[in-house]
Protein chains: 2
Amino acid sequence: MTEEVLAYLQENREQLLEKLNRFLSIPSVSTDSVHKQDVEEAARFVADYLTEIGFDKVNIEETKGHPLVYGEWTGADSAPTALFYGHYDVQPADPIELWESEPFKPEIREGRLYARGASDDKGQVFMQLAVFEAYMKVHGQLPVNVKVCIEGEEEIGSEHLYEVLKAKKEQFSADFAIISDSGMVDTGQPTILYGLKGFTGLEFTVHGPSSDLHSGIYGGVVRNPAMAMAHLLATLKNEEEVVQVEGFYEGIDPLDEGERKLIEEVPGEDYKKTTGVDQTVSEKGYTAKEHMMARPTLEVNGLYGGYQGEGTKTIIPSSATAKLTCRLVPGQEPDQIQQLLVDHLEKHVPDGVRLEIKREPLSAKAYKVNPDHPLIQQAGQALEQAFGKQAVYARLGGSIPVVEWIDSIFQMPVVLLGFGTPEDRLHSPNESFPIENFYKGMETLVYYWANIKETRL
Amino acid sequence: MTEEVLAYLQENREQLLEKLNRFLSIPSVSTDSVHKQDVEEAARFVADYLTEIGFDKVNIEETKGHPLVYGEWTGADSAPTALFYGHYDVQPADPIELWESEPFKPEIREGRLYARGASDDKGQVFMQLAVFEAYMKVHGQLPVNVKVCIEGEEEIGSEHLYEVLKAKKEQFSADFAIISDSGMVDTGQPTILYGLKGFTGLEFTVHGPSSDLHSGIYGGVVRNPAMAMAHLLATLKNEEEVVQVEGFYEGIDPLDEGERKLIEEVPGEDYKKTTGVDQTVSEKGYTAKEHMMARPTLEVNGLYGGYQGEGTKTIIPSSATAKLTCRLVPGQEPDQIQQLLVDHLEKHVPDGVRLEIKREPLSAKAYKVNPDHPLIQQAGQALEQAFGKQAVYARLGGSIPVVEWIDSIFQMPVVLLGFGTPEDRLHSPNESFPIENFYKGMETLVYYWANIKETRL
């Protein structure tokens with residue numbers, strides 16, 4: 001069944017690439033109202049493609065922001081039903097002068113397709129749709145039932161997605177979800193993400209005197225808010241990178257040997273090359289990879305207070321502010337962790353200053369699926385068939401809010417099957433996607449859907 | 001001898017005030033090249049006045065910046081010789097819209113003379129000159145020998161003063177120096193400053209990754225420079241306000257009971273009112289007044305790193321920077337203290353980040369004269385004669401570089417006899433000076449010079 005489909009994709013390489021280029025040429029920048037019509041055009045492109053493939057109930061669903069494109073094909077009888085999620089909106093192209101070719105005129109150089117959205121996420125959305133096209137053209141049907149949900153607000157926080165999914169729960173419900181909006185840990189190393197971190201944060205300001213004071217006249221009299229902030233920050237995490245907030249690690253499953261082995265198998269990143277640091281640091285008792293993938297983190301994202309210009313200004317600042325975020329793992333409730341942080345800061349704030357806390361309203365729970373789940377194992381097998389190399393199983397230190405929403409609304413597993421590479425320069429000038437992954441990724445999907453057809457969930 | 005001089009000042013109140021107003025009307029803003037001619041005009045005003053009084057060798061000495069006015073009167077035979085230092089330049093008037101009357105059109109409201117420079121330092125320079133005028137007019141001579149040095153660059157760091165004083169050491173040398181460029185601890189409370197703090201500082205930057213990193217991808221892998229900076233700052237001073245830098249307090253004379261009593265006699269400031277803080281903090285074992293006047297301080301003047309905009313950006317900052325300054329007391333060498341800070345930071349910097357230190361090139365040694373010194377005691381007596389109230393003896397938490405230069409070049413004591421008040425708003429809109437202090441200050445100076453005439457130094 002798969003051979004003819006692969007042959008179709010092979011024969012139509014040029015046409016498919018040309019069609020992808022049309023999609024990539026639409027500057028569907030969701031954050032900029034100047035591009036409102038472009039965003040609508042990209043939505044129409046997706047809707048037209050779904051109709052052309054043979055999807056039913058194709059609809060451009062209006063939201064209070066940019067529309068979301070829906071379509072479904074449910075002719076596979078008792079086979080599983082998948083919800084495919086992706087997004088057709090892209091990041092702005094600025095700074096435009098750093099692009100070597102125009103961001104919305106796709107160009108192939110040295111095996112890579114350069115364009116805004118080539119990897120994130122138009123290119124990967126297109127691969128899924130092209131595979132559906134191939135199955136329909138060759139066999140007149142898909143191996144599984146598929147519901148498609150392609151939104152236009154991912155790059156601006158998916159502001160209206162949650163309410164649409166929740167309001168139309170029945171329409172979107174499926175046996176599992178699949179997302180191709182991620183990458184492989186290394187070029188040529190097929191990867192399955194089976195976990196994402198959760199997220200919470202807050203900003204705190206230490207208030208001291210009502211205005212900046214002369215350090216000669218008030219030094220030794222008034223508590224310095226910048227120093228008080230430093231003391232407070234230092235209580236949060238020790239130099240062994242262990243968070244000192246009471247209860248922070250409570251309820252987290254210990255990292256078992258099986259998972260430590262999975263993590264060890266993920267090829268290591270050359271951190272010196274990618275970050276410029278000579279030396280990694282990680283939580284005492286864990287390797288850097290383990291900490292990044294499977295242990296929670298607490299980071300200062302920014303801080304400021306007092307005089308920040310050139311030279312010296314001898315003041316005691318009136319206030320100082322720090323921004324904190326945590327990446328969470330399963331077992332940690334974002335709201336509860338935020339409360340522990342608040343309690344910790346309030347407990348440790350020195351006298352003579354006043355603490356003001358702004359809780360970050362956005363949060364996300366961590367997500368993790370058992371790597372032994374058949375949906376995941378089938379993805380691993382499909383990757384191996386296409387890339388000729390065993391897939392690694394990785395957890396991501398980052399968060400993808402839609403995954404948590406799908407999990408919480410539908411209680412269905414999410415398969416993160418992405419084909420990007422660390423060199424894709426998402427959100428940056430000269431975004432690109434390797435042509436080889438375009439074809440191998442489609443090949444993977446052809447195998448995957450065929451494998452899933454037979455899988456008992 | 002003093003009665004006729006006081007009578008002269010009394011009879012010429014209007015003319016003197018009118019002359020002071022002419023001086024204050026010249027916008028001699030030294031930092032702004034637009035006012036170069038105004039600065040020169042103010043210098044000429046001083047030089048003309050000295051000539052008019054009867055000073056010899058009156059000269060506008062050119063420097064690489066603004067000129068300095070010199071003059072001397074040395075007809076007092078064996079009486080002591082005083083070097084009177086002051087400055088004729090002023091701070092900019094910005095923000096001009098906050099002034100209730102024009103900064104360079106002096107106006108009296110509710111017993112105060114409002115004008116830029118009214119207190120700092122044209123008004124106080126003028127008082128000294130007016131007293132010399134009165135002595136010369138009434139007696140044809142001054143009670144003591146006087147050398148006058150009025151510079152035009154005090155508000156921009158006295159950039160060229162040191163080299164002039166050093167190059168013309170003989171010309172400027174005297175038995176002691178007197179400066180009226182300071183204030184009283186409270187309105188109506190005559191004050192003698194007998195000590196100033198020294199000064200040193202540095203800025204340090206903690207460098208981590210070569211650019212801001214995604215906290216999801218690199219959290220748990222890379223040392224966060226903002227957190228590392230917080231840890232470093234927290235090692236510098238504990239929450240009992242005791243500096244933890246090894247050797248910081250070494251060589252400082254303990255605060256003896258006599259001086260603790262002097263400090264206790266200085267009226268306390270209502271810190272809640274002046275700073276807005278509910279509670280003062282000070283070095284363990286010392287009161288706030290003791291710490292401010294007589295113990296060294298270490299303050300964070302400013303810090304910054306990472307994302308400082310609204311909301312959240314989940315990054316690990318590439319670097320974080322803090323600016324530190326110390327106020328020093330006698331027994332502490334500024335260069336040595338700076339070195340101790342550098343050593344401390346280098347010793348405590350955690351691994352995984354790199355420390356960059358910029359040493360503040362400016363420094364000052366602390367200055368202190370024995371409050372029992374006859375020059376000081378005579379000042380106290382003159383203040384009491386004029387204000388009818390016993391003077392308090394205070395040390396200032398701030399630094400006045402010229403005092404240290406005079407001390408180091410000439411090894412002569414410096415008398416700081418100032419008549420400003422805490423309400424004068426130096427460097428701020430609506431600078432003013434109490435009219436009463438204008439007259440009582442001149443009265444003080446009349447007594448002082450008469451007292452000094454008889455003093456054996």
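Mentor: Start with Leu83(B): its bridge partner in E6(B) is Lys147(B). E labels are strands (DSSP runs of at least two residues) and H labels are helices (H or I runs of at least four), numbered from the N terminus.

Trainee: How do I read the numbers and letters, and where does the model come from?

Mentor: Residues count from 1 along each chain as its sequence is written, while chains are lettered from A and ligands numbered from 1 in the order in which they are written. The model is predicted, so local features need pLDDT of at least 70 and side-chain atom pairs count only at pLDDT 80 or more, whereas totals for chains, interfaces and linings use all residues.

Trainee: How many bridges join E3(B) to strand E6 of chain B?

Mentor: Seven, and the two strands run parallel. Strands count as paired if DSSP finds at least two bridges between them. E3(B) also pairs in the parallel sense with strand E7 (residues 176-179) of chain B, over four bridges. There, Ala82(B) has Phe176(B) as its bridge partner.

Trainee: Is strand E3 of chain B mostly covered or mostly open?

Mentor: Mostly covered: six of the seven residues in E3(B), which spans 81-87, are buried. A residue is buried with 20 or more other C-beta atoms within 10 Å of its own, exposed with 12 or fewer, and partly exposed in between; C-beta atoms are placed from the backbone.

Trainee: Switching to chain A. What is the order of the strands in the open sheet of three?

Mentor: The order is E4-E5-E18, with antiparallel pairing. Strand E4 (107-109) and strand E18 (432-434) of chain A are at the edges with a single partner strand each, so one side of each has no neighbour in the sheet.

Trainee: And how are E4(A) and strand E5 of chain A joined?

Mentor: By three bridges, in the antiparallel sense. Glu107(A) stands opposite Tyr114(A) in E5(A).

Trainee: How many residues of chain B are in contact with chain A?

Mentor: 67 residues of chain B are in contact with 67 of chain A. Contact means that the C-beta atoms, placed from the backbone, lie within 7 Å. E11(B) supplies the largest share of chain B's side, nine residues. E11(B) also pairs with strand E11 (residues 297-306) of chain A, antiparallel over five bridges. In that pairing, Leu303(A) is opposite Gly305(B).

Trainee: What does Leu233(B) touch?

Mentor: Leaving out residues up to four places away in sequence, Leu233(B) touches Met227(A), Ala230(A), Val300(B) and Ala322(B).

Trainee: What about phi of Lys57(A)?

Mentor: Phi there is near 50 degrees, a positive value in a residue other than glycine. Lys57(A) belongs to strand E1 (residues 56-61) of chain A. With 13 other C-beta atoms within 10 Å, Lys57(A) is partly exposed.

Trainee: And where is His427(A)?

Mentor: His427(A) is in the loop between strand E17 (414-416) and E18 of chain A. Its phi is positive too, about 70 degrees, although His427(A) is not a glycine.

How values were computed. Two residues are in contact if their C-beta atoms, placed from the backbone, lie within 7 Å.
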